[in-house]
Amino acid sequence: MRKFGLIGHPLTHSFSKKYFTEKFEKEGIEGCLYELYDIPNARELERILNEDPEIEGINVTIPHKEDVIALLDELDEACEEIGAVNCIHIQDGMLTGYNTDYIGFKNSLVPWLGAVKPKALVLGTGGASKAVKQALYALGIEFLNVSRSEDEDQITYDDLASDPEIMKTHHLIVNTTPLGTFPHVDGIPAIPLEQLTSAHFVYDLVYNPSETALMKACLAKGGKAKNGHEMLILQAEAAWKIWNS
Ligand SMILES: NC(=O)c1ccc[n+]([C@@H]2O[C@H](COP(=O)([O-])OP(=O)(O)OC[C@H]3O[C@@H](n4cnc5c(N)ncnc54)[C@H](OP(=O)(O)O)[C@@H]3O)[C@@H](O)[C@H]2O)c1
């Protein structure tokens, strides 16, 4: 039996378990199992792997994406820059860490933008924002990071509201905050919505609902909008490719 799974805490609902279990069934992939490992401490991964040598791949979610790095033998280059791991490949006892959010975001952004390469605003400074920023950097897309807190590497929502030049010159807006997620569907980041134009692109990492309040605001101005569903699928498929490499 080839085994795969997800570590995190708490693991209430899991997209990954549903996705991989359905994938194995739909695609007739036999002898594979995807399990959930709800562990409060990332160190427990060592015990799980010792107890079950059939485990070949692990996805990692909140709160272990950073802590797990100390347990790995190698890190993929992009992952090293990001400082967060959401996928581990176990081969002959060697543990290699990857960040498939980075791959999923990058590979879904490029075809969506087409020939244009607008400057970007990245809303939020959590784990997902790190993968997004590394992808933008790799693509040569300049960006500003927008946060509720002041820091030398980022601007605040107040800075954004007080300088209309920023929205005029940054046409790609990537929401990496959870604002707008079901059931709080009216949630919307505090950007100056009245400054959105038909030249703007909103990429919202939120995928439930499929059209968030922020996406609606951009579409209403004639701009383009995309949710996080394709990124979610691409990051899962990137993990599958890594585990089979
Ligand atoms: N589509 C996909 O494949 C995919 C992949 C990964 C994540 N996601 C989604 O992306 C979102 C963020 O994930 P994450 O892991 O980065 O979460 P996280 O670590 O909790 O970070 C979210 C960031 O958003 C900002 N934020 C949080 N609450 C806020 C609020 N009430 N108002 C304004 N800003 C707020 C914070 O930045 P500041 O404190 O700096 O403002 C925070 O660091 C989640 O909704 C997650 O489901 C989607």
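Predicted model: local features only at pLDDT ≥ 70, side-chain atom pairs only at ≥ 80, totals over all residues.
1. The buried set in helix 5 is Gly127, Ala128, Ser129, Lys130, Ala131, Val132, Lys133, Gln134, Ala135 and Leu136. That is 10 of the 12 residues, so helix 5 is largely enclosed by the rest of the structure. From its first C-alpha to its last, helix 5 reaches 17 Å, close to the 16 Å expected at 1.5 Å a residue. Gly140 follows helix 5 and has a positive phi, near 75°.

2. Helix 4. The buried residues here are Thr100, Asp101, Tyr102, Ile103, Gly104, Phe105, Lys106, Ser108 and Leu109. The 14 residues of helix 4 should span 20 Å at 1.5 Å a residue, and the end C-alpha atoms are 20 Å apart, which agrees. Just after helix 4 comes Gly114, with a positive phi of about 70°.

3. Helix 9. This helix has 15 residues, and the distance from its first C-alpha to its last is 22 Å, close to the 21 Å expected at 1.5 Å a residue. Met231, Gln235, Ala238, Ala239 and Trp243 are buried in helix 9. They cover an arc of only 130° around the axis, which puts them on the same side of helix 9. The buried residues of helix 9 pack against strand 1 (2–8), strand 3 (55–60), strand 5 (87–91) and helix 4.

4. Ala239 as an example. Ala239 is found in helix 9. A residue counts as buried if 20 or more other C-beta atoms lie within 10 Å of its own; Ala239 has 25 and is therefore buried. Leaving aside residues up to four places away in sequence, Ala239 touches Gly57, Asn59, Cys87 and Thr100. Thr212 is 27 residues from Ala239 in sequence and 27 Å from Ala239 in space, C-alpha to C-alpha.

5. After helix 9. Ser245 has its place in the segment after helix 9. With 8 C-beta neighbours inside 10 Å, Ser245 counts as exposed. Ser245 and His89 are 156 residues apart in sequence, yet their C-alpha atoms are 9.3 Å apart in space.

6. The ligand shell. The ligand is surrounded by 23 residues, of which Gly124, Gly126, Ala128, Ser147 and Gly228 are the closest. By class, the shell has eight nonpolar, 13 polar and two charged residues. One of the closest residues, Ala128, is also among the buried residues of helix 5.

7. Domains. The chain is divided into domain 1 (2–98) and domain 2 (102–231). Taken over C-alpha atoms, the centres of domain 1 and domain 2 are separated by 28 Å. Six residues from domain 1 and five residues from domain 2 take part in the contact. The side of domain 1 that touches domain 2 has three nonpolar, one polar and two charged residues.

8. Backbone points to check. Most residues other than glycine have a negative phi, and most peptide bonds are trans. Which peptide bonds are cis in this model? One runs from His9 to Pro10, with omega near -10°. Pro10 is found in the loop between strand 1 and helix 1 (15–26). Another cis peptide bond joins Ile62 and Pro63, where omega is about 10°. Pro63 is found in the loop between strand 3 and strand 4 (74–75).

9. Asp92. Although Asp92 is not a glycine, its phi is positive, about 50°. Asp92 lies in the loop between strand 5 and strand 6 (94–98). Is Asp92 buried or exposed? With 4 C-beta neighbours inside 10 Å, Asp92 counts as exposed.

Note on methods
Residues numbered from 1 in each chain as written. Domains from an automatic or database assignment. Contact = placed C-beta atoms within 7 Å. Nonpolar A, V, L, I, M, F, W, Y, C, P; charged D, E, K, R; others polar. Near = placed C-beta within 6 Å. Helix = DSSP H or I, 4+ residues; strand = E, 2+ residues; numbered from the N terminus. Expected span 1.5 Å × (residues − 1). Arc of directions from axis to C-beta.
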